[in-house]
Amino acid sequence: MSSSTWETVAADKRARLEKSIPDEWRIKSRPIEGPAIDLPDRLGILSSAELKITNSSATELVAQLCDGTLKAVDVTLAFCKRAALAQQLTNCTHDFFPELALAQARDLDAYFERNKKPVGPLHGLPISLKDQLRVKGTETFMAYISWLNKPDTSDSVLVTLLRKAGAVFYVKTSVPQTLMVCEAVNNVIGRTINPRNPNLSCGGSSGGEGAMLGMRGSLIGVGTDIGGSIRVPSAFNFLYGIRPSHGRLPYAGMKNSMEGQETVHSVVGPMAHSAEDVRLFLQSVLEQEPWKYDSKVVPLPWRRNEENAINAKIEAKGLNIAFYDFDGVVLPHPPITRGVEIVRSALERDGHSVSPWTPYKHSFGVDLINKIYAADGSTDVYKHINASGEPAIPNIKDLLNPNLPKADVNEVWDKQLQKWNYQCEYLDKWREWEERTGKELDAIIAPVAPTAAVRHNKFRYYGYASIFNLLDLTSVVVPVTFADKAIDHALVDYQPVNDIDKDVHAEYNPEVYHGAPVAVQIIGRRLSEERTLAIAEHIGKLLGH
């Protein structure tokens, strides 16, 4: 495509997206004051009943949908309208299809009327989807202009299973070009902003999900994570989010960059406003036996015995938790280190045992995963970028160099072996901690990123998140607090340990970051979703969330 052609194709997509919003849902005049997150309740477009619906929890709504108190059409209409507002206020959407959603909701209501029971555990609940998941009859272009105008002819496996459970689909949310950066910006729709502050990032690559959920245009959204792409937008939008271990949830049938790259897997997982709603999603999907649809899924139903075991330790004030606030590579900004301390002290006050964790070879691990990402010399992503003639976004130019040499098969095998050895060494350190203390280590508390919701184009260091993609450990994000200029003073005499640490340190300004969301991640063993989520939920309760 010529330059004018790709720009024309992108403009056509923007026009189609604009046209998908009915006129009666359009914001005619926006109040000048207040962040975007506060506006849907004030614009007069949503009725009082719709405001009540969209300000509920998913768990509450499902209970009312499944007993017939609420109609799927009414709930779907409420979220379609609020998603339309979220799009107009934050630019967080790639595809919006309220007609399909309302038709699906009417079918669900008809089923309930005939059978006097719900279709499944998510009956009538609207769920937003990152623009990687295929929904038959819609468009999945994943921020590549060359992928536009190619409607999907089938559903991704996860979409199929969510349909079986009764979920309704109405919107697909924005991502960065290639998915490989932690900010949602591309050449089609531009930039998605943070609902709390337009000068801050919503995160990425599931950034549109973060913004949509932050605006309560959705209560549960589906994201993916190969280097922090669920956890960073969850942290930047004050949400819960889980990065499950590879093989727990089905990825089959989804679009992706670098398909066939098997050294570090992208995983799919939910983002939500509560740990309870994250659990609802996980249980509902696992109830559909996804291992019968995707050969990579481990046949592992939801294990209530694992959840009960950790809840018994919580009840007995017997959790054993480790923590760190510096990985030895980049020191987080003051709001982040304060967030870790808030969680540490809350657990100690509740009677649990909390002690330091020494990050093991994180510099090595971060360097290794970056080499894995670039093993093909960035051929795949640039193939799809160049197919339309569109330019690479600046964030991609900074991260993925198209002039890097390709690794040959033996070099790839060597990186796979290094990864395996490193995973085993990390397990050794986990056991050594247990042998030294005589206690079972239940989880590790760590930063998600070195910054709170960061300024646009300023995300520099992925290592706090990506290290656990390399290790394939379960991780759950817990929102903690907000940056406070009166407390989180800049470190005047700090001596950076390397150049990237220097850049991240120089970025901090208490005035700029005031009010930005702060979160931590709770890391458990591989495939420990039940236990790790229960710990995250308990921490949320201790924090008053």
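Q: How do the residues of the lining of the largest cavity divide into nonpolar, polar and charged?
A: As a general idea, rolling a probe the size of a water molecule over the atoms shows where empty space is left. In this predicted model, the lining of the largest cavity divides into eight nonpolar residues, five polar residues and no charged residues. The lining comprises 13 residues, and the space within the largest cavity is about 100 Å³.

Q: Which residues lie nearest the centre of the largest cavity?
A: Met180, Ile226, Gly227, Tyr373 and Tyr462 lie nearest the centre.

Q: How many cavities of 30 Å³ or more does the count come to, and which residues line the second largest cavity?
A: The count comes to three cavities of 30 Å³ or more. The second largest cavity holds about 50 Å³ of space. Its lining consists of Leu331, Pro332, His333, Pro334, Leu491, His505 and Tyr508. By class, five of these lining residues are nonpolar, two are polar and none is charged.

Q: Where does UniProt place the feature "binding site"?
A: An annotation of this kind comes from a record and may be inferred rather than shown by experiment. Here the unreviewed UniProt entry places "binding site" at Leu179, Ser205, Ile226, Gly227, Gly228 and Ser229. These positions are spread over 51 residues of sequence, yet they cluster in space, with a largest C-alpha distance of 10.7 Å. From this set, Leu179, Ile226, Gly227, Gly228 and Ser229 belong to the lining of the largest cavity.

Q: Is Gly228 buried or exposed?
A: The general idea is a cut-off: a residue is buried when its relative accessible area is under 20%. Gly228 counts as buried because its relative accessibility is 0%. In the fold, Gly228 sits in the loop between β8 (220-225) and α8 (231-236). Leaving aside residues up to four places away in sequence, Gly228 touches Gly204, Pro233, Ala465 and Asn469.

Q: What does Ser229 touch, and is it buried or exposed?
A: Ser229 also lies in the loop between β8 and α8. Its relative accessibility is 4%, so Ser229 counts as buried. With residues up to four places away in sequence not counted, Ser229 touches Lys130, Leu179, Gly204, Ser205, Ser206 and Thr224. Within this group, the side chains of Ser229 and Ser205 are joined by a polar contact of 2.9 Å. Both Ser205 and Ser229 are positions of the UniProt "binding site" feature.

Q: Which residues are the closest to the centre of the second largest pocket, and which helix supplies the largest share of its lining?
A: The second largest pocket contains about 350 Å³ of space. Of its 18 lining residues, Asn395, Asp398, Leu399, Arg460 and Tyr462 are the closest to the centre. Helices α12 (362-373) and α14 (394-399) each supply at least two lining residues. The largest share, four residues, comes from α14. By class, the lining has ten nonpolar, four polar and four charged residues.

Note on methods: Residues are numbered from 1 along each chain as its sequence is written. This is a predicted model: local features need pLDDT of at least 70, side-chain atom pairs count only at pLDDT 80 or more; totals for chains, interfaces and linings use all residues. Side-chain values use heavy atoms; hydrogens and water are left out. On a 1 Å grid over the protein atoms alone, a cavity is a set of points where a 1.4 Å probe fits but cannot get out, and a pocket is an open set with protein on both sides within 12 Å along at least five of seven lines; lining residues have an atom within 4 Å of a point. Grid points are joined across faces, edges and corners, and a volume is the space filled by probe spheres set on the points. Ala, Val, Leu, Ile, Met, Phe, Trp, Tyr, Cys and Pro count as nonpolar, Asp, Glu, Lys and Arg as charged, and the others, Gly among them, as polar. Buried means under 20% relative accessible area, exposed over 50%, partly exposed in between (1.4 Å probe, protein chains only). Contact means heavy atoms within 4.5 Å. A polar contact is a pair of N or O atoms within 3.5 Å; within protein, one must be able to donate a hydrogen and the other to accept it, and residues adjacent in sequence count only if both atoms are side-chain atoms.
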